[in-house]
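Look through the sequence and the model first.

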Amino acid sequence: MQLLSTTDDSKFTTNHVAERAGVSIGSLYRYFPDKGAILRHIVRREIKKMRTKALALITDSKASDPETLINEIVAHSTKNFGGRGVVVFQVRSMIEDDDVLVQEVRNAQIEVVESLHEKLVGIAGKRRGPMSKAALAATVDAFTTAVQTLARHNKDKSVDAETKKRLLTSLLAALSEDEPRSEH
């Protein structure tokens, strides 16, 4: 992760990883046959960690209204993403051709959004079934975009309160609807 935090992806080699870890290249290859195996291990570990934290936050939240819950999960996600934006973008560019990892990331996002939707339905006291695949896909995309936008601009405070409120309101609307609305 430390090697990935630089903007120079040429630093992420098996030799650099072994050197940084303080092990011989032979020892590294005993556990990871190539750079791709190291990257897959990192991504899977991060997916599990972020998924577990997000699901626990949703489950344990004492929020009594949808806006508070959305603010909690977005704050958690932007903090998690924001401090490691360079790493996230490095990893994303390195795995974009790995369909299995991309699907694992998407599955974790879907699980978190489904849990969030269930919690919101419970808070609102509505009786509603699970989200359709189309609504779920749209909501995952909306959530990801909102978190990335807020995280990217959180440090320099370039997202004003009104813009943040619009992003969160849109996200809340996406999570509250059975189907995404068409503008046409």
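## Salt bridges and a helix pair

Glu104 is partly exposed, with a relative accessible area of 25%. The structure here is a predicted model. The side chain of Glu104 forms a salt bridge with that of Arg44, at 2.8 Å from N to O. This pair joins distant parts of the chain: Arg44 lies in helix 3 and Glu104 in helix 6, 60 residues apart. Arg44 is partly exposed too, at a relative accessible area of 36%.

Arg51 and Glu111 also meet in a salt bridge. Arg51 sits in helix 3 and Glu111 in helix 6, again 60 residues apart. Arg40 pairs with Asp34.

| Salt bridge | N to O distance |
|---|---|
| Arg44–Glu104 | 2.8 Å |
| Arg51–Glu111 | 2.6 Å |
| Arg40–Asp34 | 3.9 Å |

The whole structure holds 6 salt bridges. Arg51 is partly exposed at 26% relative accessibility, and Glu111 is partly exposed at 32%. Salt bridges with shared partners link Arg45, Glu46 and Lys49 into one network.

Now the helices themselves. Helix 3 spans residues 35–60 and helix 6 spans residues 99–124. They pack at an angle of about 0°, with axes 10 Å apart. Angles under 35 degrees count as roughly parallel, so helix 3 and helix 6 are roughly parallel to each other.

Which residues meet? From helix 3, they include Val43, Ile47 and Leu55. From helix 6, they include Leu101, Val105 and Val112. The residues of this contact divide into 11 nonpolar, 2 polar and 6 charged.

Note on methods:
Residues numbered from 1 in each chain as written. Predicted model: local features only at pLDDT ≥ 70, side-chain atom pairs only at ≥ 80, totals over all residues. Heavy atoms only, no water. Axes fitted to C-alpha atoms, helices over the stretch in contact; angles between N-to-C directions. Helix = DSSP H or I, 4+ residues; strand = E, 2+ residues; numbered from the N terminus. Parallel < 35°, antiparallel > 145°, perpendicular 65-115°, else oblique. Contact = heavy atoms within 4.5 Å. Nonpolar A, V, L, I, M, F, W, Y, C, P; charged D, E, K, R; others polar. Salt bridge = Lys/Arg side-chain N within 4 Å of Asp/Glu carboxyl O. Buried < 20%, exposed > 50% of the residue type's maximum accessible area, 1.4 Å probe, protein only.
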